[in-house]
Amino acid sequence: MTFEKILFYVFSVILVLSATMVITRRDPVHSALFLVLAFFTSAILWMLLEAEFLAIVLVLVYVGAVMVLFLFVVMMLDTDKAAMRAGFVKMMPVGLIVAGTMAFEMFLIVGPQYFGLDKFAMPAPHPADYSNTEELGRVLYTVYMYPVEIAAVILLVGIIAAIGLTMRKRPDNKSLDPSEQVKVTKGTDRIRVVKMASEIKQEAK
Amino acid sequence: MDLFLDILWIVVKIVAIVLPLMLCVAYYTLAERKVISYMQVRIGPNRVGPRGSLQPIADAMKLMCKEIILPRSANKTLFLLAPMLSIGPALAAWAVFPFDEGVVLADINAGLLYLLALTSIGVYGVIIAGWASNSKYAFLSAVRLGAQVVAYEIAMGFSLVVVLIASGSLNLGEIVMAQQGSWGFFNWFWLPLFPIFIIYFVSGVAETNRAPFDVAEGESEIVAGFHVEYSGMTFAVFFLAEYANMILISALTAIMFLGGWLSPFHGVPILGAIFDWIPGFIWLLLKTLVVAFLFLWFRATFPRYRYDQIMRLGWKIFIPITIVWIVVAGFAVVV
């Protein structure tokens with residue numbers, strides 16, 4: 001057994017275990033943290049496949065940004081764990097049917113009959129100077145130019161729509177406008193010189 | 001057997017990087033106290049060792065001997081895991097760092113991406129610490145820091161994209177070599193990418209949660225933020241992680257914008273010949289120290305930013321400027 005094979009099995013076990021923990025832990029924060037571990041471990045598996053760009057981007061985007069925001073929401077939720085578990089037995093049959101159907105569908109489409117060394121030859125390892133990032137960039141910006149740009153525009157529309165839906169102007173909300181703030185002049189805006197007649201010192205009584 | 005020797009050799013190299021780094025971190029804390037003291041017309045620590053030079057050692061001993069207090073309602077596993085999660089990425093990032101031409105632990109061709117990924121997972125330590133402590137102050141701090149880091153990471157990522165466009169490589173060594181030229185000092189990226197240099201460094205200060213962006217600690221508002229419940233060595237590890245991150249950001253600024261190990265006089269007629277014998281490592285160290293000094297200078301000079309102003313600076317000023325500069329750099333490279 002080669003060193004890479006040992007690594008593959010070790011990380012696969014960690015991945016499957018952490019994925020199981022995601023759905024079995026009661027505390028949603030623990031689930032989210034195990035999901036982070038699952039992402040991280042699958043990034044390592046991708047690294048073993050010599051797909052270093054995808055692996056690092058998985059860590060950068062999903063672990064570094066998406067899951068941070070996700071954890072935020074989960075941490076601030078005051079979850080009632082008893083209420084979450086209520087009706088577990090009642091929902092069980094429906095859940096099993098849905099899960100079973102999904103597993104069967106996946107078996108039909110991506111089942112073991114489509115994979116194996118006789119279907120796909122083992123890929124030859126790339127030389128040391130092979131850059132996965134460069135290759136991906138070359139393909140994305142030549143062959144798949146339009147799909148990339150269309151996907152980018154769709155995402156942009158999504159962002160704008162989300163902001164448009166959630167943003168509301170509240171007139172009673174006090175806020176500062178720094179561009180107005182910097183316009184103040186020391187002489188007139190901050191100091192008011194009051195002219196008044198000089199006072200006469202009062203006599204002691 | 002060969003495999004075992006290979007791994008042993010890598011471990012030796014890792015120790016050769018981490019040990020000096022830890023020593024630097026220890027003395028950086030002393031430097032911080034001394035520098036700020038002199039800026040405030042004080043003397044600073046001067047009791048332990050000659051002129052206070054053994055102070056960090058004494059501090060380390062004290063922290064190691066102190067009791068680690070576990071709050072009763074804290075989540076114990078996560079509480080202890082959090083400091084490790086914050087120092088892990090801070091140390092792992094040094095794997096791709098080139099100390100001189102070819103002197104690097106892992107010379108990978110996606111070094112810049114690797115660094116971005118590692119700095120982005122450093123925030124987990126703080127978030128988990130804030131949540132696992134089961135304390136209001138710690139949690140508020142974690143929320144503050146999380147939002148701040150996500151905002152500044154985008155600006156930082158975009159400024160690295162500009163560096164990537166200008167140098168044409170994701171490998172840190174090649175980024176340094178792309179800055180070599182006959183003008184020496186003026187060939188480095190700080191001049192052509194000046195706004196990006198400033199944005200990268202300021203985002204770095206915000207990422208490492210240092211003054212004036214240290215709202216996550218905010219002593220006056222939330223006591224000490226995420227590490228309010230930590231004591232002894234667990235606190236010390238957070239402390240080490242913060243300083244290791246500061247040194248990392250300083251060193252990366254030196255690599256990406258200040259020519260790394262290149263001599264500032266390289267190619268200049270007379271000065272070039274005089275200074276060329278100095279090894280590149282010394283130049284890199286000097287540049288890193290200058291940038292690291294700026295961190296301390298900031299802390300002694302600027303009052304803390306208000307939170308909404310931090311967010312405004314990150315989202316409304318830095319990100320638009322970096323996007324414009326990506327276009328500018330793209331034109332400059334293509335045309």
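A search of the whole structure, a predicted model, turns up three cavities of 30 Å³ or more. Here a cavity is a set of points, on a 1 Å grid over the protein atoms alone, where a 1.4 Å probe fits but cannot get out; grid points are joined across faces, edges and corners, and a volume is the space filled by probe spheres set on the points. Residues are numbered from 1 along each chain as its sequence is written, and chains are lettered from A in the order in which they are written. Local features need pLDDT of at least 70, whereas totals for linings use all residues.

The largest cavity has a volume of about 340 Å³. Its lining (residues with an atom within 4 Å of a point) comprises 21 residues, with B:Gly122, B:Val126, B:Glu207, B:Thr208 and B:Asn245 nearest the centre. Helices H3 (76–92), H4 (111–121), H5 (123–132), H6 (136–167) and H10 (232–257) of chain B each give two or more residues to this lining, helices being DSSP runs (H or I, at least four residues) numbered from the N terminus. H10(B) provides the largest share, six residues. By class, the lining holds 13 nonpolar, six polar and two charged residues, where Ala, Val, Leu, Ile, Met, Phe, Trp, Tyr, Cys and Pro count as nonpolar, Asp, Glu, Lys and Arg as charged, and the others as polar.

Turning to the second largest cavity, about 60 Å³ of space lies within. Its lining includes B:Leu112, B:Thr119, B:Met156, B:Tyr200 and B:Ile249. H4, H6 and H10 of chain B each supply at least two lining residues, and the largest share, four residues, comes from H4(B). Nine of the lining residues are nonpolar, one is polar and none is charged.

Notes. Predicted model: local features only at pLDDT ≥ 70, side-chain atom pairs only at ≥ 80, totals over all residues. Heavy atoms only, no water. 1 Å grid on protein atoms, 1.4 Å probe; cavity = no way out; pocket = protein on both sides within 12 Å on 5 of 7 lines; lining within 4 Å.
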